[in-house]
Amino acid sequence: MRTSGCPRCGAAARVGALPRGDLDECSGVVAGGAHRDALYLHNDSGDRPRFFAIGLGGALRGEFQVAGATAVDWEGVGRGPCGAGGGSCLFFGDIGDNDRERGRYALYEVKEPDALGGAPRALAARAIPFAYPDGSDNAEALLVHPVTGAITMVTKVKGKKKGTARVYELPAGPAAAAPTTLARAGSVAAPVGSPRFTGGDVHPEGVGVLLRTYTHVFFYPMTPDQTVAQALAGAPCEMPAADEDQGEAIAWVPGGWDYVTIGEGREAPIHRVSCEAP
């Protein structure tokens, strides 16, 4: 496995926990852009179309309903430039399909809240329906490029046996009317541990990609001229990973090379890994 170009990291450390309440099955997390000291999270399937804002240590800072959205199986969130009007947007992925029986899926683009705190409130969403070019599939890793806005999804292989995940791309600024067909853009396999990718995030400066499984975290270096899919075709670095229950959420912390991971469950621990640039 690649060693040059790998961040230098310490061990994963618990820095807090999710707040007591409805955030009990965290399936996706991303750091704020307008609010760099906040994390945005959502629950797994079974919840309403909503998300939460918390501080880096876990204090609740807001709850938001996503108006006009549905939540069949939300499995990932990313942040990047808005498709129209500028600013920072959150992209929630209704992309889960364990039985691989859905015909259509959707992303929901939501402008990052201007302010946090106060009573729960609703935010408007732009729906981006899509389909796979080769039938139904199940994905949990949603990756949004912080500069181009291009969206990449990594599928989740069935079962616990070794397998290769498929990588698909959605172009930047997709139309919000008719469903867009994803483009196949490669494949990726976890070199060790669980073969099932459950989350990921693109570094805010576009210099690398994190992918996690239930057991491991991997970093894929990325150059400015590469797409996310091209970066995932390279050899990854193995990164520190916490022992978490059903770990699916991972996000870079703005302003450096640290990242956080969160598992599922009530008051689940928040783990942070502190790293130095390669």
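This report covers the pocket, cavities, selected residues and aromatic pairs of one predicted model.

Residues are numbered from 1 along each chain as its sequence is written, and side-chain values use heavy atoms, with hydrogens and water left out. Because the model is predicted, local features need pLDDT of at least 70 and side-chain atom pairs count only at pLDDT 80 or more, while totals for chains, interfaces and linings use all residues.

## Pocket and cavities

The search runs on a 1 Å grid over the protein atoms alone. A cavity is a set of points where a 1.4 Å probe fits but cannot get out. A pocket is an open set with protein on both sides within 12 Å along at least five of seven lines. Lining residues have an atom within 4 Å of a point. Grid points are joined across faces, edges and corners, and a volume is the space filled by probe spheres set on the points.

Two cavities of 30 Å³ or more turn up.

| Space | Volume | Lining by class |
|---|---|---|
| Largest pocket | about 200 Å³ | nine nonpolar, three polar, three charged residues |
| Largest cavity | about 60 Å³ | five nonpolar, six polar, three charged residues |
| Second largest cavity | about 40 Å³ | three nonpolar, three polar, five charged residues |

The largest pocket has 15 lining residues. Ala-31, Gly-33, Arg-79, Pro-146 and Pro-204 lie nearest its centre. Strands here are DSSP runs (E, at least two residues), numbered from the N terminus. Strand 3 (26-31), strand 7 (74-81) and strand 17 (197-202) each give at least two residues to the pocket lining. Strand 7 provides the largest share, three residues.

Around the largest cavity stand 14 lining residues. Nearest its centre are Gly-28, Val-29, Gly-199, Gly-200 and Ile-250. At least two lining residues each come from strand 3, strand 7, strand 12 (139-144), strand 17 and strand 21.

The lining of the second largest cavity includes His-42, Asn-43, Asp-44, Arg-48 and Trp-74.

Which residues does the side chain of Asp-258 reach by polar contact? A polar contact is a pair of N or O atoms within 3.5 Å; within protein, one must be able to donate a hydrogen and the other to accept it, and residues adjacent in sequence count only if both atoms are side-chain atoms. The Asp-258 side chain pairs with the side chain of Arg-272 at 3.1 Å. It also pairs with the side chain of Ser-274 at 3.3 Å. Asp-258 sits in the loop between strand 21 (249-252) and strand 22 (259-262). Its relative accessibility is 14%, so Asp-258 counts as buried (under 20% relative accessible area; exposed is over 50%, partly exposed in between; 1.4 Å probe, protein chains only). Leaving out residues up to four places away in sequence, Asp-258 touches Trp-252, Val-253, Arg-272, Val-273, Ser-274 and Cys-275. Contact means heavy atoms within 4.5 Å.

His-203 occupies the loop between strand 17 and strand 18 (208-213). At 2% relative accessibility, His-203 is buried. A polar atom of its side chain lies 2.9 Å from the backbone oxygen of Gly-256. Beyond four places in sequence, His-203 touches Pro-146, Gly-208, Trp-252, Gly-256 and Trp-257. His-203 and Val-144 are 59 residues apart in sequence, yet 9.6 Å apart in space, C-alpha to C-alpha.

## Aromatic pairs

The whole structure holds 13 aromatic pairs. Rings of Phe, Tyr and Trp (its six-membered ring) pair if their centres lie within 6.5 Å; planes under 30 degrees apart count as stacked, over 60 as edge-to-face and the rest as tilted. Phe-51 and Phe-64 make a stacked pair, at 5.0 Å centre to centre and 20° between the planes. Phe-51 lies in strand 5 (residues 50-55) and Phe-64 in strand 6 (residues 60-67), so the pair ties together parts 13 residues apart in sequence. Phe-51 is buried, at 0% relative accessible area. Phe-64 is buried too, at 0%.

## Positive phi

Gln-246 is not a glycine, yet its phi is positive, about 55°. Gln-246 lies in the loop between strand 20 (237-239) and strand 21. Glu-267 is not a glycine either, and has a positive phi of about 50°. Its place is the loop between strand 22 and strand 23 (269-273).

Technical notes: Helices (H or I, at least four residues) and strands (E, at least two) are DSSP runs, numbered from the N terminus. Ala, Val, Leu, Ile, Met, Phe, Trp, Tyr, Cys and Pro count as nonpolar, Asp, Glu, Lys and Arg as charged, and the others, Gly among them, as polar.
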